[in-house]
Amino acid sequence: MLLILAGLRPALLKHKIVNVLVKACLCSGAKDDDDTTTNPGKPPKLSKKKWRKKFRNKPASNEHLPWEERLADSVTPLWRLSYYDQLQLKQKHQERILLQLSDQLLCGESTQHKALTQCPSPPRSTKLSFPLLPILPSPVRDGYRNKSTFSVNRGVDGNPKTVGFYVGTGKVGNIVCVNGDHLLNMPERHKLVARCYQDFLRLSALEPCLLFHDGGHWREVTVRTNAAGHTMAIVYFHPQRLTPEEIEVHKSSLVEYFTQGPGAICQLDSLYFQESSMTRCSHEESPYQLLHGQPHIHEEILGFKFRISADAFFQVNQGAADSLYRTVREMGLPNGAREGGGGGTLLDVCCGTGAIGITMSPRADRVIGIELIQQAVEDARHNAALNQIQNCEFLPGKAEVVLPGLMEVLGSTTDSGGPLTAVVNPARAGLHYRVIRALRNNSSIRRLLYISCKPEGEAMRNFRELCCSPDPHRKLTGEAFRPTVAVPVDMFPHTPHCELLLVFER
């Protein structure tokens, strides 16, 4: 792998590093967990429409490179830089984003009763009004991902039963599936399962499902692992017109391959199967079928154990998650709150499987988590019981539906009479306006921690809504928050992305 990636002429290497630096400074964040893709951001003085027109037909700058390097440039754009240089680049990028936030808040302050709008870029401020702490590095830099999803499509040689990652786009019609064995962020166990799954597909009589309307059955495979080395694989399958009896035959062949055949080398602890005619669907829409092994694997964060289901959200970098949650715990509760409670009530919005609330529970009197996915709520409740935590409760439903009513129940003071602290960790789409309004208008919330993997995206709108002057027209009547400290955490080495923890107080 290193021979493939390192075999660059010096001039080309310098050219590539410059391109990576420019690209990273403009990039926007990636998804759930697909944090490995990058998209250019909007340049300062170019409208979105003009920018798209300008760059739509530009050829890829790395088409002359080998497929392996093109994939590495797509999935891990910073792989050529030293880790020190990667951290410096990310630190500067986060500073630039926060300077834009400062400018936008100033813009809002100077225009009373006006809708929140973005100020002109580039940032006019040269110094932040609150501290940006040095980025926290990832304890593990290579092979850190505990979840990877491998696609199936035509490979470089044209074989449609190739398992790997896409180079190209469906819109242009130049997708090629490239093996990911050389990628620095993928652990060896994930690569092994992908290779075995490819071997299984090529032995199977069924065709892969490349496009739903073109037929075919075998789809992608997701691999999940933990620090102890346990492995879960989830195979996705399109039933098309197969009968349940016919599907059973192919499920049995899959189990046989991974338990008694060549795939046994993977030593799978769990093998799941989900049949679906949709691109993505939940366990409730189409159940994950356990074909072999244990129903869950477990991970440990800050000394607490967590159950991981097939579709449960969990940070993809366990070591960096330790750093992130430790920082959230230290900054989230009032000064002096230590083990044994005294920290009042903690609201954990978009709580997932309860990791943040549970790790903070010894310092809080009460933890209330809200989560959309029912299976994640069940996992969170199980995790609380697993760790013998008795002051946590987890509520299912959309945060924008649950939270306003919960705020009314809590009233202006909490049941314990202590402070009320909120932690929010939304997806890249940010928080719904009704959630922001409920948090902003509850005067008991004096500290709010916002965790974002894409602060330059929709989260920026949330930041402005939390900090703007009171606006009765928008029903933002509560006292404004102000940012007091920001901490980047490198969750994704070799990519331009990181998590940003931003603390707001009032």
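This is a predicted model: local features need pLDDT of at least 70, side-chain atom pairs count only at pLDDT 80 or more; totals for chains, interfaces and linings use all residues.
Two strands count as paired if DSSP finds at least two bridges between them.

- An open sheet is formed by 7 strands, ordered β14-β13-β12-β15-β16-β18-β17, with mixed pairing.
- The edge positions are held by β14 (392-396) and β17 (482-489); each has a single partner strand, so one side of each lacks a neighbour in the sheet.
- On average, neighbouring strands of this sheet are turned by 15° against each other, direction ignored.

- Helix α11, residues 399-410, lies across β12, β13, β14, β15 (420-424) and β16 (445-452).
- Relative to β13, helix α11 runs at about 155°.

**Packing of α11 with α12**
- The axes of α11 and helix α12 (residues 433-440) come within 8 Å and cross at roughly 20°.
- Angles under 35 degrees count as roughly parallel, and α11 and α12 are therefore roughly parallel to each other.
- Their crossing is left-handed.
- From α11, the contact involves Ala399, Glu400, Leu403, Pro404 and Met407; from α12, it involves Arg434, Val435, Ala438 and Leu439.
- Classified by residue type, this contact between α11 and α12 comprises 7 nonpolar, no polar and 2 charged residues.

Conventions. Residues are numbered from 1 along each chain as its sequence is written. Side-chain values use heavy atoms; hydrogens and water are left out. Helices (H or I, at least four residues) and strands (E, at least two) are DSSP runs, numbered from the N terminus. Axes are lines fitted to C-alpha atoms, for helices over the stretch in contact, and angles run from 0 to 180 degrees between N-to-C directions. Contact means heavy atoms within 4.5 Å. Angles under 35 degrees count as roughly parallel, over 145 as roughly antiparallel, 65 to 115 as roughly perpendicular and the rest as oblique. A crossing is left-handed if the near helix is turned anticlockwise from the far one by less than a right angle, and right-handed if clockwise. Ala, Val, Leu, Ile, Met, Phe, Trp, Tyr, Cys and Pro count as nonpolar, Asp, Glu, Lys and Arg as charged, and the others, Gly among them, as polar.
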